[in-house]
Amino acid sequence: MNRDGIDFGELDELSKQLMRTASKKYPRETRKFLRDQGTKLKRATTKKAKQKVKKKTGFYLKGIKRGKVYKFAGQDTSVRVYNSMPHSHLIEQGHRIVGKDGSEHGFERGKFIFKQAAAEFQDEFTKNCEQFVTDLLEEGLG
């Protein structure tokens with residue numbers, strides 16, 4: 001799995017090969033499928049963020065976005081979910097709490113929202129990939 005999105009790192013080798021073949025033979029369908037999966041992951045990430053982030057000004061939640069479908073490492077077709085807000089890495093990975101005078105008052109642990117949402121979504125994504133490939137095979141043979 002890449003840093004904060006979906007790729008095929010967790011799928012078994014057969015599923016990888018089938019998705020690569022599908023992306024070459026049916027690029028439009030594959031791009032649409034990955035956009036839909038990215039949107040589902042975005043929803044799951046937003047839901048997880050609402051559960052874990054206590055201070056809700058709305059900017060962190062509004063910053064969660066689904067990126068475009070792209071070629072990851074020039075080989076696998078991928079889509080990522082990310083947060084565009086400049087303070088998102090502080091919530092995600094943790095930060096020192098520093099006063100105005102520079103004195104340190106402790107450490108706020110990271111929430112790791114994207115990592116947890118991606119891990120929870122992985123099984124559903126694998127199942128959806130297998131169903132997508134099966135549908136393409138049935139459509140191609142039928």
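# Reading a predicted chain: helices, charge and burial

Modeller: The protein chain has 5 helices and 6 strands, where helices (H or I, at least four residues) and strands (E, at least two) are DSSP runs numbered from the N terminus. This is a predicted model, in which local features need pLDDT of at least 70 and side-chain atom pairs count only at pLDDT 80 or more, while totals for chains, interfaces and linings use all residues. Residues are numbered from 1 along each chain as its sequence is written, and side-chain values use heavy atoms, with hydrogens and water left out.

Biologist: In what order do the elements of the protein chain run from the N terminus on?

Modeller: The order is β-α-α-α-β-β-β-α-β-β-α.

Biologist: How should I read burial, and what percentage of the 142 residues count as buried?

Modeller: Buried means under 20% relative accessible area, exposed means over 50%, and partly exposed lies in between (1.4 Å probe, protein chains only). The accessible areas themselves come from the Shrake-Rupley method, and for residues only the protein chains shown count as cover. Of the 142 residues of the protein chain, 37% count as buried.

Biologist: Let us turn to helix 2; what span does it reach, and which of its residues are buried?

Modeller: The general idea is that an α-helix has 3.6 residues a turn, so residues three or four places apart point the same way. Helix 2 has 26 residues and reaches 37 Å from its first C-alpha to its last, close to the expected 38 Å, the expectation being 1.5 Å times one less than the number of residues. Its buried residues are Thr30, Phe33, Leu34, Gln37, Gly38, Leu41, Thr45, Thr46, Lys48 and Ala49. Threonine 45, placed in helix 2, is buried with a relative accessible area of 1%, and its C-alpha atom is separated by 7.8 Å from that of isoleucine 64, which is 19 residues apart from it along the chain.

Biologist: Where is phenylalanine 125 found, and is it buried or exposed?

Modeller: Phenylalanine 125 is found in helix 5 and counts as buried, at 1% relative accessibility. The C-alpha atoms of phenylalanine 125 and leucine 34 are separated by 9.7 Å, although the two residues are 91 apart along the chain.

Biologist: How do I read a salt bridge, and how many does the structure hold?

Modeller: Side chains of opposite charge can pair when their charged atoms come close. A salt bridge here is a side-chain nitrogen of Lys or Arg within 4 Å of a carboxyl oxygen of Asp or Glu, and the structure holds 4 of them. In one of these, the side chains of lysine 48 and glutamate 120 meet at 2.8 Å, N to O. Lysine 48 lies in helix 2 and glutamate 120 in helix 5, so the pair ties together parts that are 72 residues apart in sequence. Lysine 48 counts as buried at 12% relative accessibility, whereas glutamate 120 is exposed at 55%.

Biologist: Which residue forms a salt bridge with arginine 96, and which one with glutamate 108?

Modeller: Arginine 96 forms its salt bridge with glutamate 104, the closest N and O atoms being 3.1 Å apart; arginine 96 counts as exposed at 52% relative accessibility, and glutamate 104 is partly exposed at 49%. Glutamate 108 pairs with lysine 111, with the closest N and O atoms 3.5 Å apart; glutamate 108 counts as partly exposed at 32%, while lysine 111 counts as buried at 18%.

Biologist: How are charged patches on the surface read, and which residues gather in the positive one?

Modeller: Patches are made of residues with over 30% relative accessible area and no salt bridge, like charges being joined within 9 Å and nonpolar side chains (Val, Leu, Ile, Met, Phe, Trp, Tyr) within 5 Å. Lys and Arg count as positive and Asp and Glu as negative, with His and the chain ends not counted, and the place of a charge is taken as NZ of Lys, CZ of Arg, CG of Asp or CD of Glu. Lys24, Arg31, Arg35, Lys40, Lys42, Arg43, Lys65, Arg66, Lys71 and Lys127 gather in the positive patch. Its largest share, 5 residues, comes from helix 2, and arginine 43, which lies in that helix, is exposed with a relative accessible area of 57%.

Biologist: Which residues gather in the negative patch?

Modeller: They are Glu29, Asp135, Glu138 and Glu139, and the largest share, 3 residues, comes from helix 5.

How values were computed. Accessible areas come from the Shrake-Rupley method with a 1.4 Å probe; for residues, only the protein chains shown count as cover.
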